[in-house]
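Here are my notes on this one, written as a walk through the model. Keep the 3D view open and click on each residue as you go.

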Amino acid sequence: FIRSGTYTLNTGVSLPSNIKVKGEGRFNTVLQPSQSFTPLVSNRPALFNMISQSVQQDIEISDLGMVAQGDYALVYQANGPLKDIIIHDVYGSAPTGMPLVFFENAGYLGTSEDIFIYNVITRTIPPFTIYSNGLYGYRNVYVSNIIDIVDGNTNDDRIAIIASAGGSASSQTSNILIQNVIVRDVNIYIKSTASGLVNAFKLDAGTTKGGYYSVYENLILDGMNVYVEDVTSSSFSGNLLLVFNAPVLSNVVFKDINSASMTNLFNNLFFLTFAYPRGLKIKDVSIRGGSVGSYRGIIQLFQTLSPSSDDYVEVDGLYVRGMNAGSPAGVIMIDNSGGQNINPNLVVAKRIFADFSGNILLAGYNESGSAVGANSQVILDDVYTNSSSPFNIYGSVKLVVRGMRGFSNIYSPYISVSTPSVPSSGTAAQNTNPVPVLVYIYGGTVTE
């Protein structure tokens, strides 16, 4: 138990199993490193360390804060796996660098599990990172009630869950699994004094070897609010939600995400790179302001391996208003940077409201603007847009549109207004376009 007061630490503290560290309130019990602070891990300076070569379990840290003037974490873990870890009601303020809570499963000793982190407030320093840097991953992780204020220079992911292999290809003998993760009620406030890079939420497969993959299975991001003040720095950039280095996504849900921006902060809102999307759902997203660049998408889907019948992406509920669009740019972009016909097998988008000058669907192009071709099945249902060019499609996209309202014309390299020749008696006219078309018939008689 640590009473109220400000305490200066000269060296990091190694925590054993079966211990509870508790202060008298995160703003009352304040810890700070001294100018001559000696870290237990040289390149990972942290006040509390869990670095045993064996399982560390039954550890609780609560009701205290950290104030630092450099690159420090409150809690750092490496080597042995964790079990039954609780961190709650803590505060951290530091200019930049490591996250407040940094779990780095750096060895090859087993899967970490049953981790609970909640009621966390941070200032500039990122709140939380899981970095699986070995053969094993994490499971049963719960993160909730995060308030993150960014008011200085930063080049960090605010919340990151990384599944990367270490060592050589021969040392990796299985997929790296991140399983049963809930991240809930995240609030990020980016002030006008902020600069640098912000990725609000990131999944990153890092480097995998030996033909194995990083797999995120049963993961939910449920509730994230991001507000951006008038940040004028041209160097400020990032992504609202970033999935990077092509993991396998299996039963992954991103829902109740809200972003309001007074500036053109985000180059992409959702940039999702995956090997396979085995059930990916994006639900109830509201975005006001910001921008999306040319040959980019608000929701950009980039698949790296040939699709399978199990691939499925669903967007259910998307509200977009006041956003600047590149030329071209899409509400949904099927990005073919991986090559022709490497794209999700099925994409379903419904309940879409887009006050947006770009396309609803941009498909078949890579980020350089080259027409590569796409071969997805896309269903659009209950869509409202004021776009004059809702579709920009290159390739053999099978498109079904139901209940689209508010657009005046359609553009695609394959679609144009034409008057076909009258077929001979008994011959049916065929629609060769990749989307349904309106057919006007006048004069004479016709049978169906």
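1. Asn366 has 15% relative accessibility, so it counts as buried. Look for Asn366 in the loop between β27 and β28 (377-385). Its C-alpha atom is 8.7 Å from that of Arg296, although the two residues are 70 apart along the chain. One thing to keep in mind throughout: this is a predicted model.

2. Now for the aromatic rings. A pair of aromatic rings is described by the distance of the centres and the angle of the planes. How many aromatic pairs does the structure hold? There are ten. Take Phe37 and Tyr72: their ring centres are 5.5 Å apart and their planes meet at 85°, and since an angle over 60 degrees counts as edge-to-face, that is what this pair is. Phe37 belongs to strand β4 (residues 29-38), while Tyr72 sits in the loop between β6 (56-67) and β7 (73-78), so the pair ties together parts that are 35 residues apart in sequence. Both Phe37 and Tyr72 are buried.

3. Compare that with Tyr365 and Tyr394. Here the ring centres are 6.2 Å apart and the planes are at 55°, so this pair is tilted. Tyr365 lies in strand β27 (residues 359-365) and Tyr394 in the loop between β29 (391-393) and β30 (398-405), so to speak a link between distant parts of the chain, 29 residues apart. Are these two tyrosines buried or partly exposed? Tyr365, at 8% relative accessibility, counts as buried, whereas Tyr394, at 30%, is partly exposed.

4. Stay in that area for Tyr295. Ring pairs join Tyr295, Tyr365 and Tyr394 into a cluster. Tyr295 itself is in the loop between β21 (291-292) and β22 (296-303). Its backbone deserves a look too: phi is near 55°, a positive value in a residue other than glycine. Most residues other than glycine have a negative phi, and most peptide bonds are trans.

5. With a relative accessible area of 15%, Asp63 is buried. Then there's a cis peptide bond between Ser327 and Pro328, with omega at about -5°. You'll find Pro328 in the loop between β24 (324-325) and β25 (329-335).

6. In soluble globular proteins, nonpolar side chains tend to be buried together. The largest nonpolar core here has 102 residues, and Phe103, Phe254, Phe270 and Leu272 are the ones that touch the most other members. Which strand gives this core its largest share? That is β14 (residues 176-190), with seven residues. There is also a second, separate core of seven residues, including Ala46, Ala73, Met98 and Phe102.

7. Remember Met98 and Phe102, as they come back in the second largest pocket. That pocket has a volume of about 200 Å³. It is lined by 14 residues, and those closest to its centre are Met98, Pro99, Phe102, Thr129 and Asp156. The lining divides into seven nonpolar, three polar and four charged residues. β11 (128-133) and β13 (153-164) each supply at least two lining residues, and β13 gives the most, with four.

8. Arg278 lies over the face of Tyr276, 4.3 Å from the ring centre. Val226, in strand β16 (residues 214-228), is buried, with a relative accessible area of 3%. Val226 and Ser261 are 35 residues apart in sequence, with 8.1 Å between their C-alpha atoms. Tyr319, in strand β23 (residues 312-321), has 27% relative accessibility and so counts as partly exposed. The C-alpha atoms of Tyr319 and Ile287 are separated by 6.1 Å, and the two residues are 32 apart along the chain.

Methods:
Residues are numbered from 1 along each chain as its sequence is written. This is a predicted model: local features need pLDDT of at least 70, side-chain atom pairs count only at pLDDT 80 or more; totals for chains, interfaces and linings use all residues. Side-chain values use heavy atoms; hydrogens and water are left out. On a 1 Å grid over the protein atoms alone, a cavity is a set of points where a 1.4 Å probe fits but cannot get out, and a pocket is an open set with protein on both sides within 12 Å along at least five of seven lines; lining residues have an atom within 4 Å of a point. Grid points are joined across faces, edges and corners, and a volume is the space filled by probe spheres set on the points. Ala, Val, Leu, Ile, Met, Phe, Trp, Tyr, Cys and Pro count as nonpolar, Asp, Glu, Lys and Arg as charged, and the others, Gly among them, as polar. Rings of Phe, Tyr and Trp (its six-membered ring) pair if their centres lie within 6.5 Å; planes under 30 degrees apart count as stacked, over 60 as edge-to-face and the rest as tilted. Buried means under 20% relative accessible area, exposed over 50%, partly exposed in between (1.4 Å probe, protein chains only). A charge sits over a ring if NZ of Lys or CZ of Arg is within 6 Å of the ring centre and within 35 degrees of the ring normal. A nonpolar core is a set of buried Ala, Val, Leu, Ile, Met, Phe, Trp, Tyr and Cys residues joined through side-chain atoms within 4.5 Å.
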